[in-house]
Amino acid sequence: MSIITLNKVTVFGLGIDKPKVLEGLQTLGCMHLIPMQPLPKETEFGSSDRYEDAKKALHYIMDVPRRRHQVRDEAQFDLDQFLAEVQVNKQKQREAEDKRLFLANRLKNLEPWGNFTLPDLDELGGYQLWFYQVPHTKAKHIREIELPWQIVGEDHLNVYVVIIAKEEPPSNVLPVPRTHAGSVSPEELQRQLEQVEIELDEIWAEQEALSRWIFLLSKNLVRAEDQAVLQEASGQTKEEEGFFLVQGWMPKRNLKQLELFSEQEGLAFLAEPPQPEETPPTLMENPPTLKGGEALVTFYETPGYRTWDPSTIVFFSFALFFAMILADAGYALLLWVGLIYFWKQMGQSASGRSTRIYAVVILTASVIYGVMVGSYFGVAPGNGSLLASLNVLNLQNFDGMMQLSITIGCLHLAFANAVVAYRAVGFPGKAQPIGWIAVIFGGFTWVILGWQNLAIGLLAGGFFVVFLGAFLGSRQKFPLRLVDGFGALTGITKLFGDVLSYLRLFALGLASGSLAVTFNTLAQQVMAAIPELGLLLGPLILLLGHTINLGMAILACFVHGVRLNVIEFFNWGLSEEGYPFHAFTKKEHSNG
């Protein structure tokens, strides 16, 4: 829920201790390095080719239908020998699959000619057989051949002709090119294909046997990546007269750990807050339950270090937008079934666990909103039922739903401006967002509540405060200050457009609900018009129609739910974009 305060730290030490110190800082895992030298063009672990080979080998052996029992004793694992075995198996598999493809294509091409075996040249007195595939539209030219020929096959497209001659017939003997049948019979090709299939089975068995080393190879790769990161960090330090310097951004709360580490290693360090001209990275911290909102925020952009973390508001606003666009309790319950099915699988990683928590919030909100609008796969609850009494919103009430969407938009953008005003320093910085809040509520009271006198006061006061904030905050001389002040008022067009963007919540929800009703009606009409066949077509229309509608609704929920947060909301709430904090840390250690 916050952006962590950072300090810029500079660590000093003896050049001879640099490898040990960097490894210690990597184990500490809380520093974002600042390059003090140009980044090296290539980092290596042994060699970059070896590291890439290891990654490709891991990908290759993981692509097996069944993995063998994992070996965990590192004494039994020789990385170089293993990589060589994988490369041999991979090459054998590639060659065998190429051969199988070639033989299968040859057999397919020779199938129309039947199962034949070419005689030796001596048996034909020097004559050879020349094969031609002639379309029926050109079959009349066959009678014009002056050499001995014979039709050996025919289908609905072609006539298959064999010509007997010592030399290859001239190219104009038939209006088609010669078919290259080769000298191997289809029967022999079939035998070769069966042999290749056997070879492939053995190669796949070898690949599966290699999968027993996945754990140890993964472990070696993590170490390799840690070593590559360590080597890259070494290239970013600065060395002078037997000393080295390493610099980076570190959370202020971790300075005590750095102090203890420096005492142990005999180092000196300097920690100082970021200067106004510096741009530290952004390290956001949210509890696991709100990590889903952080993921949505960083999906589009990382807030600047000196801004604020909107993860919490995005967490709840996206859930609300998703529910309003889906607008159907039946669809939401169906998605709940999918979530329950994948629940255990999602719990295998930290990101998966935070995602499923967020999914619970989103789908719970979707069920509640679906009940409120009274839609269950496009079917409304019966009059007098409990569900009907919970139907407090009507999607067909265009005025009411548009007012609800506009209200949500006004509150969302007003909150963004309120945070900016709270964080701003000095009257000019606070004045503009406060003025826009007054303008937002002035428009709201005029259009939604109809209180024109109050609205005029809010609008006039809001515009004046916006003008005053821009005027006082301008660094120009007096005449140009007026230009800046009046120029700030043009933001009303942007504000008006952004508020109206929230109408998509109602429009998309209405579209989803209308399509559901349409598919239900279509299925009923088909079942009524075709009593026998309709029993099959009706459910098929329902299944296909609702599947399409649900898919489009989910896509709209994500696209437009994210858009309203990262475009409309961020435009008013975030003044600058930053870059993420990347800790110089060991993956092997952090993965436990």
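**Fold, exposure and confidence of the predicted chain**

Asparagine 158 is placed in strand β6, which covers residues 158-165; helices (H or I, at least four residues) and strands (E, at least two) are DSSP runs, numbered from the N terminus. The structure is a predicted model, in which local features need pLDDT of at least 70 and side-chain atom pairs count only at pLDDT 80 or more, while totals for chains, interfaces and linings use all residues. Residues are numbered from 1 along each chain as its sequence is written, and side-chain values use heavy atoms, with hydrogens and water left out.

With a relative accessible area of 11%, asparagine 158 is buried; buried means under 20% relative accessible area, exposed over 50%, and partly exposed in between (1.4 Å probe, protein chains only). When neighbours within four places in sequence are left aside, asparagine 158 is in contact with Gln133, Val134, Pro135 and His136, where contact means heavy atoms within 4.5 Å.

Glycine 384 lies in the loop between α10 (350-373) and α11 (386-389). This glycine counts as exposed, at 79% relative accessibility. Between the C-alpha atoms of glycine 384 and valine 184 the distance in space is 81 Å, and the two are 200 residues apart in sequence.

In helix α7 (residues 291-300), the buried residues are Gly292, Gly293, Glu294, Leu296 and Val297. These residues pack against β11 (284-285), α8 (311-326), α10 and α18 (531-573).

For the chain as a whole, the secondary structure comes to 19 helices and 11 strands. The radius of gyration is 36 Å, well over the 25 Å that the globule rule gives for 592 residues, so the chain is more spread out than a compact globule. This radius is taken over C-alpha atoms, and the globule rule is 2.2 Å times the number of residues to the power 0.38. The C-alpha trace spans about 110 × 85 × 55 Å along its principal axes. Of the 592 residues, 41% count as buried. Among contacts between residues at least 6 apart in sequence, 78% join residues at least 24 apart.

The mean pLDDT of the chain is 88, and 97% of its residues reach 70 or more; pLDDT is the predictor's confidence in each residue, from 0 to 100. Over residues 42-47 the pLDDT is below 50, and this stretch has nine contacts in the model beyond near neighbours in sequence. Where pLDDT is low, the predicted coordinates should not be read in detail.
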